[in-house]
Amino acid sequence: MSQPQQSHGSSHAPVAPNEIAVGVVIGRTSEYFDFFVYGIASVLIFPQVFFPFVDPLQGMLYSFSLFALAFVARPFGTALFMTIQRHWGRGIKLTAALFLLGTATAGIAFLPGYEKLGGYAITLLALFRIMQGVAFGGSWDGLPSLLALNAPKEKRSWYAMIGQLGAPLGFVIASALFLFLYNSLSAPDFLGWGWRYPFFVAFAINVVALFARLRLVLTEEYTEALEESELEPIGTTEMVRKQGYNIFIGSFAALASYALFHLVTIFPLSWIALQGSQTTGQVLTVQIVGGIVGIIATIGSGWIAARIGIQTKI
């Protein structure tokens, strides 16, 4: 059996890119699955369950306002859990972040609707959504960067692509699960209890992701690899002072990506739900096909990047 390549100038045990790739795919998919489960529920479920006292359009807008809370909270979660990592280590940080994420996700699954709790239900939903954002911000494990840095030079573009598979994979799984429940249950059952199952599944996936990632980040060779590659987090003030311009450009580039992805996934579903021009099942089916196309295109981009890299000696 061939030995994995070792980083130049390193003294730690060889880092196997394939092992890191598994952790990256599981970790990124679980994160995006959580986000898309909530996003789909914010269209199909939450306006009726938590905002029945307003018209459908206003309920949808209220639901989307809660959806946005996680994006606002995420940078604060990153800063908080960077501090935790500096004091107690990467394993404690990752465990705490994913425990918080699982708690918030399970909390949403068990949360009664407006008819039982009134305004407290909306407050708790907002709190759980903020907790999700904080947890997402703290769940960074450095594995995608470590994967790209430790991959064989001729395959670096291919391995760097793997982290991008999380979004379409998470979306396809979330959409398929909602489609199955939507087609299998009556409307009252779907609104009453069926929608909670994807959140239970999200909790289970988070547990699997936690052990898959801890298996990597707690081993000595991976810890040394991260430190040798200078991937340890630094203070926010120092980071902004040294890399402020790059952070600004990178943030808005990512913002465009996130905005575009949600514009072509969550927003069309909300439009159909309000207008009723097509059934929800039809839209989810089309989006699943689109997600599969996205997976294929992402893999193709990695192959093309690897080919161009070889030809241009990068």
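The protein has 16 helices and zero strands, both taken as DSSP runs numbered from the N terminus (helices H or I, at least four residues; strands E, at least two). This is a predicted model, in which local features need pLDDT of at least 70 and side-chain atom pairs count only at pLDDT 80 or more, while totals for chains, interfaces and linings use all residues. Residues are numbered from 1 along each chain as its sequence is written, and side-chain values use heavy atoms, with hydrogens and water left out.

Of the 314 residues, 45% are buried, that is, under 20% relative accessible area with a 1.4 Å probe and protein chains only. Contact here means heavy atoms within 4.5 Å. Among contacts between residues at least 6 apart in sequence, 80% join residues at least 24 apart.

Helix H3 (residues 56-67) and helix H4 (residues 69-88) pack at about 10 degrees, their axes lying 4 Å apart. The two helices are therefore roughly parallel to each other (angles under 35 degrees). Ser65, Leu66 and Phe67 of H3 meet Leu69, Ala70 and Phe71 of H4. The residues of this contact comprise five nonpolar, one polar and no charged.

Arg129 is buried but has no salt bridge (a side-chain nitrogen of Lys or Arg within 4 Å of a carboxyl oxygen of Asp or Glu). The nearest side chain of opposite charge, Asp34, is 7.4 Å away.

Technical notes
Buried < 20%, exposed > 50% of the residue type's maximum accessible area, 1.4 Å probe, protein only. Lys, Arg positive; Asp, Glu negative; His and termini not counted. Axes fitted to C-alpha atoms, helices over the stretch in contact; angles between N-to-C directions. Parallel < 35°, antiparallel > 145°, perpendicular 65-115°, else oblique. Nonpolar A, V, L, I, M, F, W, Y, C, P; charged D, E, K, R; others polar.
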